[in-house]
Structure formats: structure tokens, C-alpha cells
Amino acid sequence: MTAPIPQPFIEVPPAVAAPGGEKQPKASGRDRYLDLLRSLALIRVVVYHLFGFAWLSILFPSMGVMFALAGSLMARSLSRPAWSVIRGRLRRLLPPMWAFGAVALTAMFVAGWKADEEQGLWWWAKLFNYLVPVGTPPFPWSIGHKDGMLEQTWAVQAAEPLWYLRAYLWFVLASPLLLKLFRKVPWAVLLAPLALTAVLGTGLVTIPGDTGAVITDFVTYAACWVLGFAHHDGLIQKLPRYLLVSCSSMVMAFGLWWASGHPTQDGWDLNDIPLAQATWSFGFCAILLAYSPSWRELPGRLGRYDRLVTLSNNRAVTIYLWHNALIAVAVPILDQLWNIPFVGTRFDGFLTETYDEWMFVLVWPLIGLMILSTGWIEDVAAKRRPRLWPDGRPRGRRR
């Protein structure tokens, strides 16, 4: 899911006042349980975008988990002045996105993408979303030639993850007000997003266009974000665990029931079924946070993955921003195997059958290269000394 990690998904702020006014004790270090959950969420996102298995959205609802963790950390940060917290979040989020946008837009324009004359100046104004993701950025649905190195949908793949940053930004901006309301009427604020998702997800109210996408994403995951508030303030821990698990299971069962009646072309893919996604993610995250053990270090055999967990948490923005584009880049690289005479002739059938598995093997070194080449931007954005590979390994002594 070491020292505090300064980027938009992760932060260890000082103690915060509880609803009753008493200060909670300051955390003594990283919560490695939450770090592990975040790392698992990132891995699951990469695997989903690579293989496209719809059942992964049920096995581990990564986006709901990431929003819940971010909501908990946001509640802790808001013990400081709200504007300073928002400004800090923006400072850590935007520079990595600017680097991504600069590369993506340059590649699109070089490949022949042109402005939409029908939209006029509005089309150019929407490019602003590559700088500050308040809305849906424009991108070509098909670009390049069918015989080119990259698939013609590579721009769609590259821009797909940006919706998360858009939703995250709106949650950050709304959090000061949401947290105040939550501490006054916690259950109403916690359950209201599910009710709003039901209104939109059942079609009672339809909001067209990009505005509808922004609002739908916000209300779908708002319950998970507010659930993070409840985790931080101890509301989840106060509930009897059997009651919480029972109620969460019923909410999750409703989500599966709704998905069964509204399958997508890929089956029960909750990412395309807002009401099912909202209810399943809410119950799933509630159970995860209820059993939160607050590890100060990874226990037992999990300890062997400590550096990977640390690295993925330190470079969560980089990994998330670039992974889908790197999956598209992996295709022409892997296709070069067929140009090797012995490999292409003797192992053609094997390579074809295991193509996705080889993609999985290849994409991680590509992600590693992107961490080395652009990950340091996260450190600069957080006003820290740039690090190439921040996996928690102690630095050697300087001579």
C-alpha cells in the first residue's frame, strides 16, 4: 500500500484533533499495512490493464482501496490549515503530471493529431486538463497507421489513467468541507455518496458528456474517501466487528447482485458498473480498514518485500501515470522476437500463446526505467533531494 513519502497518495502528517477535541497520539512511523495495500492496489491496476480480466475488479477493487487510503491520510493532514494542505497536495501531484502531459501531447501531435475545428477555442482550452486535471483531457481515439509500430489506440491507453488524478484532485479540494460535515453528521456523509450513486447508476438522473463522467466518478468513490475519514477518526474501530462485517457483506452482496443484472461486454467488470463498483468497494474497504493491524514493519515472510513496497509507495504517481502507456510500448518491443530467425521459427506458437505473459514480464523493467528517468520529479515536487531508486536502502557513507 522509512521516512515519510511526499507525494499525493502518501503522507504522514502530525496528530489531528478528534471530533471531541482531544488530540490523538502522533504516529511514530509508517503504517506498513496501508503501504502494503497501496502496493497491491498498484500491482492489480497494472495486471488489470494488461490482461483485462473483469474478475480482478471483484477480487481486489484497487481504486476504491486507493481512495480510502488517501481519504484517511487527508483527514490526518487537515489538522493543519486547509489551504496549506491543498497547496501541498497540488504541488506534489501536478509536476509529475506535467512531465507526462508534455511527453504524451508531443507524441500525439508528432503522430498527426490536430485540433478539432468544430470545437474551436474550446478544444484548446480542454488541453488545460493536462496541466490541472479538473476535467477530461482530449485525446485521439485512433492515431497513426495500422502498420505502425504502436497500436492505433495507444493514445487512449495512455490517457486512460488520468481520470483517477481528476477525481483525486476534486476530492482534495472538497475534503475540508467534507471532513467538517463528516464530524458533525458522520453517518449521513458516509452513506450519502452511495445514495447519489444509486440515483446516477440506476438511470434516474442522467448527466451527459464530460461533466457526467466527472460527477459519476466522484460520487462512485466518495464513500470510500469518506470511509478513510471514518478510519482515521476511529469510527470504524468503535463498531462491533461482527456488525461491521455483516453489514459490509450485505452491501457487497447487493453490489454483486446489481452487477449480475447489468453485465458489460467483458462480464462483471465493476469498473463500468458504477453502483456495483461503489457498493462492492465500500464494503470491501470497510472490512480491510476494520482489520487494520497498523504494522510498523512488514511481518514474517512479507518482510522480504519491504524494499519493493517502499519503492512502489515512493513512486506511486510515476507508476500509475505511466504504466498504461508502457504497456502500449511493450507491444512493438516484444514483437521483435519474431525477427530473430531461430526464435521466430521454432517458438512461434509458444510465443503467441504466452504473449500476454511475456508482456507482463516486460512491462516491469519498463516501469523501472521510467522510475529512474522521471521518478525524481516526485522528489523535486515535494522539495526533497532527488533520488533515483528510493527503496529504503540505507545510503552509503560519503567519503
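I will come back to its partners in a moment.

Before that, a word on what we are looking at. This is a predicted model, in which local features need pLDDT of at least 70 and side-chain atom pairs count only at pLDDT 80 or more, while totals for chains, interfaces and linings use all residues. Residues are numbered from 1 along each chain as its sequence is written, and side-chain values use heavy atoms, with hydrogens and water left out.

Now the overall picture. The protein chain contains 18 helices and zero strands, and these are DSSP runs numbered from the N terminus, with helices being H or I of at least four residues and strands being E of at least two. For 399 residues, a compact globule would have a radius of gyration near 21 Å, and the chain agrees with that because its value is 22 Å; this radius is taken over C-alpha atoms, and the globule rule is 2.2 Å times the number of residues to the power 0.38. Along its principal axes, the C-alpha trace spans about 70 × 65 × 45 Å. Of the 399 residues, 50% count as buried. The accessible surface comes to about 19700 Å², and 65% of it belongs to carbon and sulfur atoms, with areas from the Shrake-Rupley method, a 1.4 Å probe, and only the protein chains shown counting as cover for residues.

Let me turn to charge. There are 36 positive and 26 negative side chains, and the centres of the two sets lie 17 Å apart. Here Lys and Arg count as positive and Asp and Glu as negative, while His and the chain ends are not counted, and the place of a charge is NZ of Lys, CZ of Arg, CG of Asp or CD of Glu.

Side chains of opposite charge can pair when their charged atoms come close. The structure holds nine salt bridges, a salt bridge being a side-chain nitrogen of Lys or Arg within 4 Å of a carboxyl oxygen of Asp or Glu.

So which residues does Asp-379 meet? The side chains of Arg-315 and Asp-379 form a salt bridge, at 2.6 Å from N to O. That pair links distant parts of the chain, since Arg-315 sits in the loop between H13 and helix H14 (316–335) and Asp-379 in helix H18 (residues 376–381), 64 residues apart. Arg-315 counts as buried because its relative accessibility is 0%. Asp-379 also forms a salt bridge with Arg-387, where the closest N and O atoms are 2.7 Å apart. Arg-387 lies in the segment after H18 and counts as buried at 16% relative accessibility. The C-alpha atoms of Arg-387 and Leu-372, 15 residues apart along the chain, are separated by 8.6 Å.

A further salt bridge joins Asp-306 and Arg-32, with the closest N and O atoms 2.9 Å apart. Asp-306 lies in helix H13 (residues 306–314) and Arg-32 in helix H1 (residues 32–51), so the pair ties together parts that are 274 residues apart in sequence. What does burial look like on each side? Asp-306 is partly exposed at 26% relative accessibility, whereas Arg-32 is buried, with a relative accessible area of 3%.

Next, the surface. Trp-98, Phe-128, Leu-131, Val-134, Trp-170 and Leu-173 make a nonpolar patch of about 530 Å². Patches are made of residues with over 30% relative accessible area and no salt bridge, with like charges joined within 9 Å and nonpolar side chains (Val, Leu, Ile, Met, Phe, Trp, Tyr) within 5 Å.

Ile-340 is placed in the loop between H14 and helix H15 (341–346); from C-alpha to C-alpha, Ile-340 and Pro-293 are 51 Å apart in space and 47 residues apart in sequence.

Terms used. Buried < 20%, exposed > 50% of the residue type's maximum accessible area, 1.4 Å probe, protein only.
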